[in-house]
Amino acid sequence: MADVQTTNQSILVVGGGISGITSALEAAEAGYDVVLIEKNPYLGGRVSQLHQYFPKLCPPNCGLEINFKRMKNNPRVRFFTMAEIAGISGQEGDYDVSIKMAPRYVNEKCTCCGKCADVCETEIDNPFNFGMDKIKAAYLPQDFAFPMRYILDPSIAGTDEGKKCRDACEYGAIDLDMQETSVDLKAGAIIWATGWNPYDAAKIEYYGIDENKNVISNVMMERMTSINGPTNGKILRPSDGKEIKNIAFIQCAGSRDENHLLYCSGICCLASLKQTRYVREQYPDCDVTVFFIDIRAMDKLEDFYTMVQEDEKVRFVKSKIATITEDEETGNLVLEGEDTNTGEQIKETFEMVVLATGMAPNSISEVSSPDVSCDEYGFIANDPDKPGIYGAGCARRPTDVASCVQDATASALRAIQSIARR
Ligand SMILES: Cc1cc2nc3c(=O)[nH]c(=O)nc-3n(C[C@H](O)[C@H](O)[C@H](O)COP(=O)(O)OP(=O)(O)OC[C@H]3O[C@@H](n4cnc5c(N)ncnc54)[C@H](O)[C@@H]3O)c2cc1C
């Protein structure tokens, strides 16, 4: 990391999700040197946690794989994982950036043989699966990790457990003395593609995700249905591992709500419609109910909605569910609310519930640059009067992958124009 040579003709991209990767590749393929930094130990962002993409229901890892290949083949892109911005100063055309890198405790000699994990006894919550299962404290961050390299959890770095892992490694790949490092570099323009976080469902107290074991969020559903997820792809009740006969989806969980997220994330309806397909594929007899305020499926995506509506096992009820209560004996969930079409009270029991929580922007607070402004919700506003640092993808607004790719390409062009202008 210490030998990163950049000039004010270089572009810095912050965030290695699909948006950051796209911006980096588009700028590099147009002939600009790019440095991409990502805080996770792997690239790919939230997309790598999805089971399938709507509307085609193809696996997201295929698309990521193609982009990783483009990166490997392009020497103009250099990327660093476990890296974050420590500070930015300067202005359009001439930024000084300081970057800090957290220790991974595993170097490039790692072959992913897994012997460190074999001897490691400490387990931690698996962050990739939203804590739904445990992994060893010496682990591969995910099956399709790029770069494909293990990592040691900091909790074992200075312990006998860490030494055991190091001694088990035949390749000398574990370095327990690794420290946080920092590096300074120059950039002519910066693209901020830090994406989104799932809105914290625990804040929606009346749905009780922490107490009601069979309530999960939409992102947890993506992991549960993934073959490398906590149940190896099978949808099972978290409380008892049982198969399900009915399930409810609650739309706008914490969205369009003055106590939570005021805005619509735009994709949660499609995400739930997609997830009804996951359920119906696994359980031909399972009844699915979608409680919604209104379904937002735009343009061609409406065809997907129509297709789901034709499934007689999927029922749509216009309602905002007010409470979820768990039956302690069965683990079943009683949902109460009002049917907005008929005015009748709803009281129905389900074996499992999925909350369609929205997308909250990742913070940009570490950047004290006058060149960035955010909207009232924290998404980056690309203010034409403040050129030089540009938001891309979900850092700008919650949206789907196709729109992120378009937006990220536009941001690459904006960054190139900044450099050309100065
Ligand atoms: C339940 C659900 C299902 C979905 N399903 C689909 C679907 O089927 N099809 C579809 O098109 N879209 C889907 N989406 C939307 C899709 O996930 C987003 O469009 C996509 O993740 C946006 O990519 P991004 O790169 O902008 O952000 P992200 O994927 O969030 O990537 C941002 C990256 O930046 C990194 N980062 C954050 N902060 C920093 C920092 N300070 N420094 C360095 N790095 C940082 C993060 O670690 C991450 O890797 C779904 C969303 C949800 C909620």
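Visitor: Why is Asn232 called exposed?

Guide: Exposed means over 50% relative accessible area, buried under 20%, and partly exposed in between (1.4 Å probe, protein chains only). Asn232 has 56%, so it counts as exposed. Keep in mind that this is a predicted model, where local features need pLDDT of at least 70, side-chain atom pairs count only at pLDDT 80 or more, and totals for chains, interfaces and linings use all residues. Residues are numbered from 1 along each chain as its sequence is written, and side-chain values use heavy atoms, with hydrogens and water left out.

Visitor: What makes the phi of Asn232 worth a look?

Guide: Phi of Asn232 is near 55 degrees, a positive value in a residue other than glycine. Leu57 also has a positive phi, near 60 degrees. Most residues other than glycine have a negative phi, and most peptide bonds are trans.

Visitor: Which kind of peptide bond runs from Phe54 to Pro55?

Guide: That one is cis, with omega near -5 degrees. The bond from Phe146 to Pro147 is cis too, with omega near 5 degrees.

Visitor: What does Leu335 touch beyond its neighbours within four places in sequence?

Guide: Taking contact as heavy atoms within 4.5 Å, its partners include Phe291, Ile321 and Val353.
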